[in-house]
Amino acid sequence: MLAATIAAERLSIPFAIGGGIGTGRQILAALAMGADAVVVGTRFLAAEEVTAHESYKQRMVNATENDSLVAFAGNQTLGGAWRVLNNETTREVRLRESQGETEFAAYGDLIRGSLTRDACYRDGDAEKGMVSMGPSICFTKRVEPIATIMNDLLHDAKAAQARVNSLTRNAP
């Protein structure tokens with residue numbers, strides 16, 4: 001949330017903050033720190049409306065905050081850091097990184113979107129492809145409709161706001 005605080009102090013335009021947001025409490029915190037909006041991504045990976053194989057969605061439900069890692073950190077040629085599911089493909093990417101590979105040609109067979117689309121989303125093999133996913137996956141408990149996820153996020157944010165309000169009412 002440091003980024004939200006810095007942005008609020010330095011920007012004169014509206015901004016959204018994202019990354020690691022998976023609860024209503026986190027949404028409230030980002031807004032309280034000055035963000036005008038939040039970006040929530042990982043929390044929706046197992047939504048019913050997501051066009052993906054049920055095995056993939058179940059892998060997301062079973063994932064913990066420790067099931068992601070960063071690939072391409074510091075490699076601007078390939079777009080910089082990418083937080084992804086720790087799977088067979090990502091481990092191979094990390095191996096090639098450790099061997100000093102920096103060019104797209106060394107990774108093309110692993111990072112092409114069609115690999116993730118076909119193997120992971122279509123066929124349900126979550127070990128193949130580069131699957132964007134952050135630690136906030138740990139808040140995904142089941143496959144459910146987006147409306148239910150949104151309602152839960154809003155309920156959690158309202159409960160957090162009520163808690164903050166009660167703390168300030170009791171302050172000296």
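The chain of this predicted model has a mean pLDDT of 93, and 99% of its residues reach 70 or more; pLDDT is the predictor's confidence in each residue, from 0 to 100. Among the elements of the chain, the lowest mean pLDDT, 83, belongs to helix α1 (residues 2-10), and the highest, 97, to helix α3 (residues 54-62). Helices here are DSSP runs (H or I, at least four residues), numbered from the N terminus. Residues are counted from 1 along each chain as its sequence is written, and side-chain values use heavy atoms, without hydrogens and water. Local features need pLDDT of at least 70 and side-chain atom pairs count only at pLDDT 80 or more, while totals for chains, interfaces and linings use all residues.

Now to a pair of helices. The axes of α2 (residues 24-32) and α7 (residues 146-169) come within 7 Å and cross at roughly 60 degrees; axes are lines fitted to C-alpha atoms, for helices over the stretch in contact, and angles run from 0 to 180 degrees between N-to-C directions. The two helices are therefore oblique to each other, a class left over once angles under 35 degrees (roughly parallel), over 145 (roughly antiparallel) and 65 to 115 (roughly perpendicular) are set aside. Gly24, Arg25, Ile27 and Leu28 of α2 make the contact (heavy atoms within 4.5 Å) with Leu153, Asp156, Ala157, Ala160 and Gln161 of α7.

Threonine 89 sits in helix α4 (residues 88-98). Is this threonine 89 buried or exposed? With a relative accessible area of 4%, threonine 89 is buried (under 20%; exposed is over 50%, partly exposed in between, with a 1.4 Å probe and protein chains only). Leaving aside residues up to four places away in sequence, threonine 89 touches Leu110, Leu115, Glu127, Lys128, Gly129 and Met130.
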